[in-house]
Amino acid sequence: MNSLFSQVQLGRYTLSNRMVMAPMTRSRSDDSGVPTELVPTYYAQRAGAGLIITEGVFPVALGKGYVRTPGIETAEQVAAWKQVSEAVHARGGRIFMQLMHCGRISHPSLLPNGAQPQAPSAIKPAGQTWTATGLEDFVTPHALSVVEIASVIEDYRRAARLAVEAGFDGVELHAASGYLPEQFLSTGSNQRTDEYGGSVENRVRFVLEVLNAVSTEIGSDRVGLKISPEMNFNDIVDANPQETYTYLVEQLRGLNLGYLHVALFGASIDYHALLRPLFDGSYLIGGGLDQHSAESLIVDGRADAAVFGSAFLANPDLPERFRTGAGLNVPNKDTFYAPGVEGYIDYPAMSPAQSA
Ligand SMILES: Cc1cc2nc3c(=O)[nH]c(=O)nc-3n(C[C@H](O)[C@H](O)[C@H](O)COP(=O)(O)O)c2cc1C
């Protein structure tokens, strides 16, 4: 019988267990989007995961959405990421890079030359975002032209190539949490009247084109997709999420993607029951799991692997702790995005007495 600790095939890789570390923004990069020297240590500490998915990484500077977040565009960024992949591989781990273009969830102060954030339509999201000088209102974004959309897709393609050049095992497209891909998927942020908006066929076009470009570049079996239907984060609203995500996942058939990662947070229906039968690759479930709930998802065959966020953040040796029944460190929210060592690489592993 499968368990959290059994091996699983994911694309071309055999993972040593079914515990996946969730993508988590940690804001430990410099102002040029280069990961600092703390970052390889942080990920290497967590290499016992069957798979690590990195924090969101912007494929192009115009996709940056938060202070001190990393990119994969410049030679300096690639060199720094190489240290990360090497540190994880040296400990026997596997690591995918999450590509995150924030679209309208950004601010001119975070973008080159104070540029306007980009989005499918010029619709300002409600709410505020952290900038270098504190909280600021979101602004009305620039609606991408069809030519600009093609250029963003090429940015994703290049980023995937650079991730592989930096030694990563694959990439995950972040199409959740109200960022650019989900802005295309959702009726509230996409009011285009061309081939990228309107019907569900048109709203999913951007995501499918990005997946195709990235897959052509690095091989589809090392490309994953993250979605979170009904998460409603970052002012994202869709009139008919069941229709949107059913259609999207149906279109993934035959693409031979490495995995589909679905994170749910209080959705109105069981999207896993709806979507898993439609998908022909590995299915990853995330969002609020503990050891017990994750184990039953695997044993019952409802997921191929379970994704843990804050538990992995606070417990570098989470698989070992689950295996031995040891207690867990508690995540400290105050240091999630704070610069520096504290709350980043100083969460203790189990003591020898605990692991005995
Ligand atoms: C500090 C923090 C940062 C996060 N940043 C990202 C991110 O960059 N990309 C992403 O897809 N999800 C991000 N998430 C969401 C997680 O990937 C995951 O879906 C969420 O934490 C739920 O899992 P959990 O209940 O096990 O923590 C973040 C979560 C946390 C706690």
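**View 1. Strand S12, covered on both faces.** Tyr259, His261 and Ala263 on one side of S12, and Leu260 and Val262 on the other, are all buried (under 20% relative accessible area with a 1.4 Å probe, protein chains only; exposed is over 50%, partly exposed in between). In a regular strand the side chains alternate between the two faces of the sheet. The model is predicted: local features need pLDDT of at least 70, side-chain atom pairs count only at pLDDT 80 or more, and totals for chains, interfaces and linings use all residues. Residues are numbered from 1 along each chain as its sequence is written, and side-chain values use heavy atoms, without hydrogens and water.

**View 2. The strands that flank S12.** S11 and S12 run parallel and are joined by 4 bridges, with isoleucine 227 partnered by valine 262 in S12. Strands (E, at least two residues) and helices (H or I, at least four) are DSSP runs numbered from the N terminus; two strands pair if DSSP finds at least two bridges between them.

**View 3. Helix H7 over S11 and S12.** H7 (residues 241–252) lies across both strands and runs at about 175° to S11; axes are lines fitted to C-alpha atoms, for helices over the stretch in contact, and angles run from 0 to 180 degrees between N-to-C directions. Contact means heavy atoms within 4.5 Å.

**View 4. The barrel and its S3–S14 pairing.** The closed barrel of 8 strands runs S3-S4-S5-S10-S11-S12-S13-S14 with parallel pairing. Strands S3 (residues 19–21) and S14 (residues 305–308) are joined by 3 bridges, and valine 20 has valine 307 as its bridge partner in S14.
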